[in-house]
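Dear colleague,

I am handing over the structure below, and after it I set out what was found. Please read the notes with the coordinates open beside them.

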Amino acid sequence: MIACLAPTAPPIGPILFLDDIVDGQLQLSALFIAPKGQDLPPIELETGPVSLEELADYPNHKIWVARFRRPSNQPSSYSWGNNTYQLAANFTADLNIAYVSCNGEEHGDLEREDLERNTMWKRLADLHKEHPVSLLLHGGDQIYADEATDGHPLSEDWPDELPTDPSREDLDDLFLHLRQRFFERYAFLYSAPDFAYLAARVPSVMQWDDHDICDGWGSLRRSRTYSPVGQTLFTAAREAFLTFQAAAREGHLPSRFADPRGHHMGWHIQVGDLRILTPDLRGQRTRREIMGPSGWAMMESAADAPFHGHTFMMSSVPLLGPRLSILEAIMVAIPSMQKYEDDLRDQWQSRAHRDSWRRMLNLALRMCEPPGQDLTILSGEIHLATRATLRLSTSAELHQLVASGITHRPPPAAWARMLGALSWLGEDPLPDHPVRIRKIPGQQFRYVAERNFLTLHRVRGQWSSRWHFESTGPSPALAL
């Protein structure tokens, strides 16, 4: 048994989430995971106690949540148990935000040593102690659920082999199996000491990606994703996303989400001259479409909405990237490489998504070209760090910052060099708006094969970014 899940283990939490910012108030949720039978005290504010309510029930544990408000224009705090947690919650002044992605690995993640696995979480926790972070953006693959399908006869060989006609009873049993496996992964991650230190003091907002469901979800063949086993897997992953990445339940999404029905999980937060815009690139994805009609409607609305300030758009898969058609053609032609087809089909630059890619790029242009509006893309997913630019009509450039991953170990340096060589070809999906892969300040190559995270800084109204690398340390600042 995972130690944090033992019946006598202390509760996990508080894990703080930002539900929204409304009328100068942070609407917060504090999540707790506790063995059944343990009594949890309330959240304490200067205005009085805030009781916990049950959010979800598991065989040996319950998930609890407390919802409360704190001002968004000044530092504040809250207390729970014997601890008081300080919040750097002044969103009207100078501001530090952190961006992370890829918090795990495909195989054996639950067996990794904490000191090795969470090195960069410790780095971020230490940084917060010196330069407090106000908000933590999670850009996808918060968990790696690839092994959740192991151990059940219906899903043991997912996605290569599937039962032809599983019974309703067997599918119900599979759902319970998957539900428990998702729970175990979230509990393991949320109990890590350095993550827990940050999560109690810095509210999080999260965007899911494929490994939060399974490797390649949405890019797998329809015979897999629309099979009874595939739909059971998606249902379990979606419930876990709502519980553990949004502190929410079906039919009761926080107000930042664009669709209260949850047909897609896109959301946005706006406070003063800062907007964070996060489309759902997984919940409605198919092999031909990255988003469904309601997801596109959210983005069209955001592009048309009057806004004066800086928008950070989270794209779990990089929106600006190198030309991939050559790699796709090679992989289709070589049978031994065809197993990697889904990895390339995940990308905006895939031949299958060319029209969708152009559509999203045009929306980005509409958001950043009017006077007084700036846009920066934040991405993860590729287990490397890099940056890219898109030329605007004004001869200025739209920046994309890629930080990946916080715990996933990097691929071989040779892969990073190959992508760097491919980037020399350039890419021009829109006339007069070329995409170019750029070097991160202080780095020799375009792609950096080190674990990393990103910080964003607003000082006297001006934004800059800085990468933090496992071996080479923080990069020089990049003005945005």
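Two strands are taken to pair if DSSP finds at least two bridges between them, and strands (E, at least two residues) and helices (H or I, at least four) are DSSP runs numbered from the N terminus. This is a predicted model, in which local features need pLDDT of at least 70 and side-chain atom pairs count only at pLDDT 80 or more, while totals for chains, interfaces and linings use all residues. Residues are numbered from 1 along each chain as its sequence is written, and side-chain values use heavy atoms, with hydrogens and water left out.

An open sheet of four strands runs in the order S4-S3-S7-S8 with antiparallel pairing, and its edge strands, each pairing on one side only, are S4 (48–50) and S8 (83–87). Strand S3 (residues 43–45) is joined to S4 by three antiparallel bridges, and Leu 45 stands opposite Gly 48 of S4. Elsewhere, S16 (residues 386–391) and S18 pair in the antiparallel sense over four bridges, with Arg 387 opposite Arg 438 in S18.

The search of the whole structure gave 14 aromatic pairs, where rings of Phe, Tyr and Trp (its six-membered ring) pair if their centres lie within 6.5 Å, with planes under 30 degrees apart counted as stacked, over 60 as edge-to-face and the rest as tilted. Trp 208 and Phe 241 form a tilted pair, 4.7 Å centre to centre with 35 degrees between the planes, and they lie 33 residues apart in the chain. Phe 312 and Trp 463 have ring centres 4.9 Å apart and planes at 75 degrees, so this pair is edge-to-face.
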